[in-house]
Amino acid sequence: MERTPLLSMHNITKTFPGVLANDDVSFDVHSGEVHTLLGENGAGKSTLMKILFGLYQPDSGEIRLRGEIAAIDSPTSAIEHRVGMVHQHFMLVPTLTVAENVALGLPSARGFRTDLDAVSERILEISNQYGLAVDPGIEIWKLSVGERQRVEIIKALYRDAELLVLDEPTAVLTPQEVDDLFVILRQMTNDGTGIIFISHKLHEVLELSDRITVLRNGAVTGSTTPAESDRQQLAEMMVGREVKLAPDKPAVDRGPARLQLRNVSVKGDRGTVAVDDVSLDVHAGEIVGIAGVSGNGQRELAETIAGLRNAQGGSVRIDSTDLTNASPAEVRAAGFAYVPEERMKDGAVGEFEVSENLLLINHGDPQFRKGPLFDFAKIRAHSQRLVDQFSVKTPTLDTPTSTLSGGNIQKLIMARELDSSPTVILAAQPTRGVDIGAAEYIHSQLVQQRSDGVAILMVSEDLDEILGLADRIAVMFDGKIVTVIERESATREALGLAMAGG
Amino acid sequence: MSEFFTVSVIFATLSTSIRFAVPYLFAALGETVGQRSGVLNLGVDGIMLLGGFGAYYAVLETDSHILGVIAGLAVGLLMGLVYGVVTVFLHAKQGISGIGIFLFGLGFSDLLFQELVGTPLPIRPLPRLDQLPAVGGIFEPLVELPVVGPLIFDHDLLTFLAFLLVPAVTWLLRKTTFGMNVRAVGENPQAADSLGVSVARTRFISILIGSTLAGLAGATLSMQLAIFQQNLTNGIGFIAVALVYFGAWQPRWVMAGALLYGIVTATRIRWQSLDIIPQGASDVAAMAPAVITILALVLLASRVRGPAALTRPFSRH
Ligand SMILES: Nc1ncnc2c1ncn2[C@@H]1O[C@H](COP(=O)(O)OP(=O)(O)OP(=O)(O)O)[C@@H](O)[C@H]1O
Ligand SMILES: [Mg+2]
């Protein structure tokens with residue numbers, strides 16, 4: 001039964017300066033199936049999808065849709081071929097409304113004038129059909145991440161996409177939102193849509209996929225199905241070696257409290273209370289995990305500790321230093337390292353080169369100086385060491401950071417922060433968007449720091465990560481810490497319940 | 001002092017203010033469209049100077065204000081083509097390209113003036129409504145009305161056009177597909193591009209609209225003053241750019257800023273002529289607009305966020 005695939009990509013090759021991003025890749029998708037692309041950071045998944053969507057041109061290879069050769073040279077022609085894409089980084093205009101975002105680029109029934117009423121009506125139809133609740137008249141910046149995701153899917157459905165690409169759609173979603181998304185995607189495949197799914201979370205891949213294709217260094221290394229494989233096998237196919245999915249944690253004596261939060265209250269961006277009377281100690285040699293659905297005050301709390309946001313009440317101390325409403329420089333001077341949630345906005349400067357970003361927090365360090373000038377030889381050696389150690393995939397040390405793949409930017413920030421010999425680490429979503437191999441490494445580094453007596457506060461929405469690493473777990477809901485549990489007595493169910501405010 | 005506060009003097013000053021506001025308004029409205037699409041044009045003042053000279057020369061030669069307006073628009077369009085090609089298609093830096101346009105306009109308008117005219121000859125001033133050839137009679141009684149006469153009717157047609165452009169530009173930005181594209185490419189060009197909106201074309205057209213209006217602003221200025229001289233604008237184009245920030249990229253607030261400038265300028269001139277400001281201090285008084293601009297930018301502009309992609313060139317790779 002050789003059905004013509006909905007999509008077939010043949011022998012696609014794409015190079016960027018210094019990088020072979022896709023190496024003779026062939027890949028196909030049938031109507032009604034979910035075909036997952038799996039691969040490490042920088043393996044070339046997004047590149048392949050951007051070629052399919054007309055954002056990049058391949059150096060060689062061809063694309064066929066429904067058996068016919070398709071010359072896709074722009075997003076417009078991809079859309080005409082009924083290909084839709086939900087990008088790894090949202091492609092929404094925050095100041096425009098949902099309806100305007102959906103209508104962008106489409107002809108209006110009223111010619112020169114927009115026809116947003118009709119667009120809104122159709123959006124409501126689609127959202128009823130698939131249970132994608134969203135208000136067409138609201139501006140994007142007012143929406144939660146999960147809602148924005150829905151808008152992205154509606155954008156594709158509105159254009160009658162028969163083939164939908166979802167590039168890491170779940171990276172920023174809560175477990176509940178992921179479940180909801182999967183229901184919608186299943187409904188779409190039942191209606192005949194073909195879906196390409198990308199995710200680093202193996203349990204999701206096993207749950208949703210019909211077929212799985214693995215990329216490594218730009219080339220296809222194998223194909224499988226969920227029935228024929230398990231997490232461990234998938235991880236090894238991706239990385240090419242054995243992978244430890246849960247880190248070994250040696251027993252470490254809990255030392256004195258190093259980070260002390262007392263009755264901290266913080267206002268959010270819209271002036272409402274975001275963090276409400278939070279008290280928490282993090283001791284030397286322990287990892288405290290903050291679990292919770294994002295948007296419950298974790299980001300504001302993290303920013304307050306890091307000196308990026310002022311507290312309205314309470315105090316923050318590291319060891320014996322009072323750092324309440326101190327500047328980021330003062331907080332760092334006290335031995336604090338910070339891996340922010342928004343890596344591109346708060347963690348790295350996109351236009352800067354890789355080595356510059358690696359130097360961002362210690363460019364004043366005398367060891368990198370020659371008199372008043374930088375000692376570039378030393379800086380290069382230092383950067384090269386970090387890049388090697390954290391296996392940051394970059395063509396050169398002078399590559400602009402914004403061209404690295406998402407996961408590699410995360411590794412770069414991790415490398416810089418962990419290398420600063422901190423006494424307290426705050427890591428927010430440390431492995432979001434990071435591949436299995438790199439996540440393993442980041443986890444082992446955090447465990448290593450813990451053994452060295454560092455106090456680690458880790459914010460994560462990923463319960464596996466929390467349960468795998470934390471010694472104590474604090475659950476945040478509605479700005480409050482609703483419970484603090486020792487790891488031994490924590491269960492997935494109890495945490496889930498507390499995260500939902502129960 | 002009391003002379004200034006007689007009702008008729010106040011209304012006459014306000015009437016002049018409205019007229020003075022017009023070049024600011026044309027230029028700033030055009031710059032608003034450009035900036036909403038993500039393009040800053042610092043060359044506005046230079047385009048105004050060239051448009052101003054074009055209009056002045058056309059009227060000098062033909063005595064036709066219509067040809068003057070057309071000359072201003074055409075010069076603006078031409079300069080927009082240059083600026084658009086350089087910044088959108090050749091990805092040049094907007095800041096320095098705009099300065100280049102300004103310097104070219106400043107120098108070239110003066111060169112043309114010296115070569116083609118030499119000594120400043122006045123031209124026929126822009127007629128007010130009641131001085132228009134065919135329909136003037138209709139407006140004569142209206143201009144005589146108290147209050148509304150000087151405020152609303154004692155103006156030239158371009159003044160009306162400028163203020164009508166305020167709702168028109170608002171409508172363009174809010175209610176048309178083009179305006180939606182403009183806002184999208186000024187905020188997140190990648191997103192617009194991913195939906196098949198041509199970032200280059202949208203920005204190019206926005207630049208053309210902006211610079212054409214800058215040309216018209218210059219034409220209005222030289223025809224209202226009925227004269228041309230070196231650096232006639234004296235920085236009006238730069239203030240118009242500042243007014244876009246001042247007005248938070250909203251046409252109605254941009255208009256408020258333009259009116260404020262009109263009032264400041266008219267009041268200063270009136271006070272000088274009434275000797276309220278001593279002659280020695282007139283240079284200081286002439287700085288008032290600059291001081292207001294700086295204060296306004298410090299106090300207001302830091303609070304509102306402009307188009308996120310402003311001044312950022314776009315390319316896919
Ligand atoms: N515009 C670009 N210019 C230069 N190099 C690029 C560009 N886009 C991607 N690359 C390089 O191509 C390689 C593949 O990147 P790609 O984004 O496809 O990876 P990915 O598999 O999607 O990774 P991730 O899981 O981290 O998102 C990387 O090495 C990246 O640095
Ligand atoms: Mg990717």
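Tutor: Here are some labels and the values behind them. Keep in mind that this is a predicted model.

Student: What makes the nonpolar surface patch, and which residues are in it?

Tutor: Val284(B), Met287(B), Val291(B), Ile294(B), Leu295(B), Val298(B) and Leu299(B) make it, with an area of about 680 Å². A patch residue needs over 30% relative accessible area.

Student: Which helix gives the most to the nonpolar patch?

Tutor: Helix α14 of chain B, residues 288–301, with 5 residues.

Student: How do you know that Lys142(A) and Glu139(A) meet in a salt bridge?

Tutor: The rule asks for a Lys or Arg side-chain nitrogen within 4 Å of a carboxyl oxygen of Asp or Glu. Here N to O is 2.8 Å, so the pair qualifies. Over all chains, this rule gives 33 salt bridges.

Student: Are Lys142(A) and Glu139(A) buried, partly exposed or exposed?

Tutor: Lys142(A) has 37%, and Glu139(A) has 24%. Buried means under 20%, exposed over 50%, and partly exposed in between. Therefore Lys142(A) is partly exposed, and Glu139(A) is partly exposed.

Student: What makes Asp398(A) and Arg380(A) a salt bridge, and what does the pair tie together?

Tutor: Their N to O distance is 3.0 Å, and the limit is 4 Å. Asp398(A) lies in the loop between α13 and α14 of chain A, and Arg380(A) lies in helix α13, so the pair ties together parts 18 residues apart in sequence. Asp398(A) is partly exposed at 36%. Arg380(A) is partly exposed at 40%.

Student: Why is Asp154(B) called buried?

Tutor: Buried means under 20%. Asp154(B) has 18%, so it counts as buried. Its salt-bridge partner is Arg128(B), at 3.2 Å from N to O. Arg128(B) has 22%, so the label there is partly exposed.

Student: Where do Asp154(B) and Arg128(B) lie?

Tutor: Asp154(B) is in the loop between α6 and α7 of chain B, and Arg128(B) is in the loop between α4 and α5, so the pair ties together parts 26 residues apart in sequence.

Student: Which residues are linked in a network of salt bridges?

Tutor: Arg254(A), Glu286(A), Arg472(A) and Glu486(A) are linked in this way.

Technical notes. Residues are numbered from 1 along each chain as its sequence is written. Chains are lettered from A and ligands numbered from 1 in the order in which they are written. This is a predicted model: local features need pLDDT of at least 70, side-chain atom pairs count only at pLDDT 80 or more; totals for chains, interfaces and linings use all residues. Side-chain values use heavy atoms; hydrogens and water are left out. Patches are made of residues with over 30% relative accessible area and no salt bridge: like charges are joined within 9 Å, nonpolar side chains (Val, Leu, Ile, Met, Phe, Trp, Tyr) within 5 Å. Accessible areas come from the Shrake-Rupley method with a 1.4 Å probe; for residues, only the protein chains shown count as cover. Helices (H or I, at least four residues) and strands (E, at least two) are DSSP runs, numbered from the N terminus. Buried means under 20% relative accessible area, exposed over 50%, partly exposed in between (1.4 Å probe, protein chains only).
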